[in-house]
Amino acid sequence: MNNKSFRNLAKPYVYWLYLLALLPVFVMVFLAFVKSEGIAFDEMGFSLESFALLTEPSTIVAFRNSFFYAFVSTVFSLVIGYFVAYRIFKSKFNNKFLVLTMLILPMWSNLLLRTEALGNIMEHNNILTDLLSRTGITLSIGIKGTPLAVLIGLVFTYLPFAILPIYTALEKISYSLEEAALDLGLTETKKFWKVIFPLSLKGVVSAAILVFLPSLSGFAIPQILGKGNIVLIGNVIEESFRNMNYNFGSLLSIIILVFILGSILIISKTDKEGETLL
Amino acid sequence: MEKKVIIELSHVTKKFDDDIIVNDLSLQIFENEFITLLGPSGCGKTTTLRMIGGFEKANSGDIIINGKIFNELPPYARPINTVFQSYALFPHLNVVDNVAFGLNNRPMSYLLHFFGEEKIINEIKLETKSETVSKKQIKQKVNEKIYLASKEALQMVSLKGFETRKITQLSGGQQQRVALARAIVNKPQILLLDEPLAALDLKLRQNMQYELKEMQRKLGITFIFVTHDQEEAMTMSDRIVVMKNGLIEQMGTPKHIYNEPVNRYVANFIGESNIIRGTYVKKDLVNFMGVDFECTGYKFANKEVVDVVIRPEDFDVVSLEVAKLKGIVTSSIFKGVHNELTVLVDGVELMVNTYETYQVGEPIGLKVDPYEIHLMKVTANEQ
């Protein structure tokens, strides 16, 4: 088979991509600049009303919340993720990928289900407290609906996305470099900071973006674990579409899209392998 | 002049699981010596080097440097630097930062001692023309010194002007030189080289061999070199240690090992040679291939079976009348300076080097001078 036939094989996907990914983006751009009821063409007209909504205090708060929660959960995920990745990297397990798979395992269950379950044990009187009370331990924490709950949810969900790229970057560091560092008079601590850490930075950048982006744009976790008390930009988008305000929803989606594209640009500059993880 | 022992391995044994890699090895290495550990892969030479460098711990035995036992000391506490086989250059640093890496990461107290505290303070005083010297000035001066030393080291390996290059922009030979500069800039007492030339092409390798030897003479550092290439070992070493299965087979100057190998293994490993089973008839007379040859300087029991080593260049091609051995040329390969002949004598193929040209199928006569005949004891496992 020659190259051309192979190219033909890709065509169904290419058309799919044009029709269901690229076209909707243009539709969203179009919707952002008009005023309409849903996608109804009657009474549609050019309008910058959606842009005016951007300066509404509630939108600004949502954006601020989004960035704050995304930032904090990224920092926590990176710190914890680095420790875990480094521990696996240094361990003498024969099958390190098995360990990694076990860490990723929760990702294979449905996000909503997982988040609901997490929310459940964050409330008073759940199955865990019930079990514990039978053994005589009374422990009950009700944090659902607090910022802490949302943060725990975000870190819990996106931590695997931090571990994987950091681990991949660490695994690429040749052991001879560590030996060279020791040979040149570095102590173990210095070796880490001067050789291992700088060489794993690529993975850290990828990890940061992989955690930051979904935390920034997601809406299920703050909705469920925040009980609606904490509104992120994802929730505003969801609400806009639900209230038939496609114009405002589209505008916000496009703003998020710009952030994502910018991040991909950063990754492609720093970490070639990280791209594939996105 | 009595040579000073700088490093001594005393009954060192190293096992990986149950495999004995280095077996009760004892070795003394002198100051300013270029010593080569030579052997095929798996003979324990690299493991020996790594134990000296502190990357592996010996299961038993002592490693003594300058009279002190160094068994438990980590690599950074040893007056030793290593040039790794893979070079192990830091990809996130440029050339000069790679070279300066070791010194850059030493504590200030070490650096002041390294460069001479007095000297640094005096230099600053001279420059600033003031009597007080601040800590910041010292730090600055030491930093200057580190980069000056690094540049000098780069100059020494002929890489001047490459300072700001990235490691990935260098060729294999250049990377090898950076690795060398990175080690020697620390002025170690001992430099370990783990097959550093293995990845280079022939021409470059030969050049580097001379340069390494020259550098060792200039710097006055003890070089411990590991290789499986006997030619490399011959060219550079003051002494060669031939190893096999974690044991030292023979140790001595290149000349000594080449001319008087102790057994078949060493003879085979060092250069091309013809090894023929023979019988020590009586003093100064040995019989092989059915002919009696005179020899000198060997003591064996009469009638003892021995291995006879004759180097290809030690055969003299003579006219058939005076020849001790007569044979037919079965192949002739032009090697530049000489021709490498294979001569079939009584069903035994002998390798003969000669400057003359002979045709395949031509009968020729061979002769060996008594002092060119080297006899070896037949070791038990070879009989």
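Trainee: What makes strand β16 and strand β19 of chain B a pair?

Mentor: In this predicted model, β16 (residues 325-334) and β19 (residues 363-368) of chain B are joined by four bridges in the antiparallel sense. Pairing requires at least two bridges, so β16(B) and β19(B) qualify. One of the positions concerned is B:Ile328, whose bridge partner in β19(B) is B:Pro363.

Trainee: Why are β15 and β18 of chain B called edge strands?

Mentor: The open sheet has five strands in the order β15-β19-β16-β17-β18 (chain B), with antiparallel pairing. β15 (315-318) and β18 (348-354) each have a single partner strand, so one side of each is left without a neighbour in the sheet. The twist from one strand to the next averages 45°.

Trainee: How do you know that β4 and β5 of chain B are paired?

Mentor: Two bridges join β4 (residues 60-65) to β5 of chain B, and the strands run antiparallel. The criterion is at least two bridges, so β4(B) and β5(B) meet it. In β5(B), B:Ile69 is the bridge partner of B:Ile64.

Trainee: Which other strands belong to the sheet that holds β4 and β5 of chain B, and in what order?

Mentor: The order is β2-β1-β4-β5 (chain B), an open sheet of four strands with antiparallel pairing. Its edges are β2 (19-30) and β5 (68-69), each with a single partner strand, so one side of each is left without a neighbour in the sheet. Eight bridges join β1(B) to β2(B), and B:Leu9 stands opposite B:Leu27 in β2(B). β1(B) also pairs with β4(B), over five bridges in the antiparallel sense, where B:Ile7 stands opposite B:Ile65.

Trainee: What lies between β1 and β2 of chain B in their hairpin, and which helix lies across β1?

Mentor: Two residues separate β1(B) and β2(B) in the hairpin, and B:Asp17 in the turn has a positive phi of about 55°. Helix α1 (residues 45-53) of chain B lies across β1 (5-16), β2 and β4 of chain B, at about 120° to β1(B).

Trainee: Where is B:Lys4, and which residues does it contact beyond its neighbours within four places in sequence?

Mentor: B:Lys4 is found in the segment before β1 of chain B. With those neighbours left aside, B:Lys4 is in contact with B:Ile29, B:Phe30 and B:Glu31.

Trainee: How is the extent of the interface between chain A and chain B described?

Mentor: The size of an interface is often given as the accessible area lost when the parts come together. Here the area buried between chain A and chain B is about 1,700 Å², with carbon and sulfur atoms giving 63%. A:Glu179, A:Asp183 and A:Leu184 supply 40% of the area that chain A buries against chain B, more than any other three residues. In terms of contacts, 16 residues of chain A meet 20 residues of chain B.

Terms used. Residues are numbered from 1 along each chain as its sequence is written. Chains are lettered from A and ligands numbered from 1 in the order in which they are written. This is a predicted model: local features need pLDDT of at least 70, side-chain atom pairs count only at pLDDT 80 or more; totals for chains, interfaces and linings use all residues. Side-chain values use heavy atoms; hydrogens and water are left out. Contact means heavy atoms within 4.5 Å. Buried area is the accessible area (1.4 Å probe) that two parts lose on being put together, summed over both. Axes are lines fitted to C-alpha atoms, for helices over the stretch in contact, and angles run from 0 to 180 degrees between N-to-C directions.
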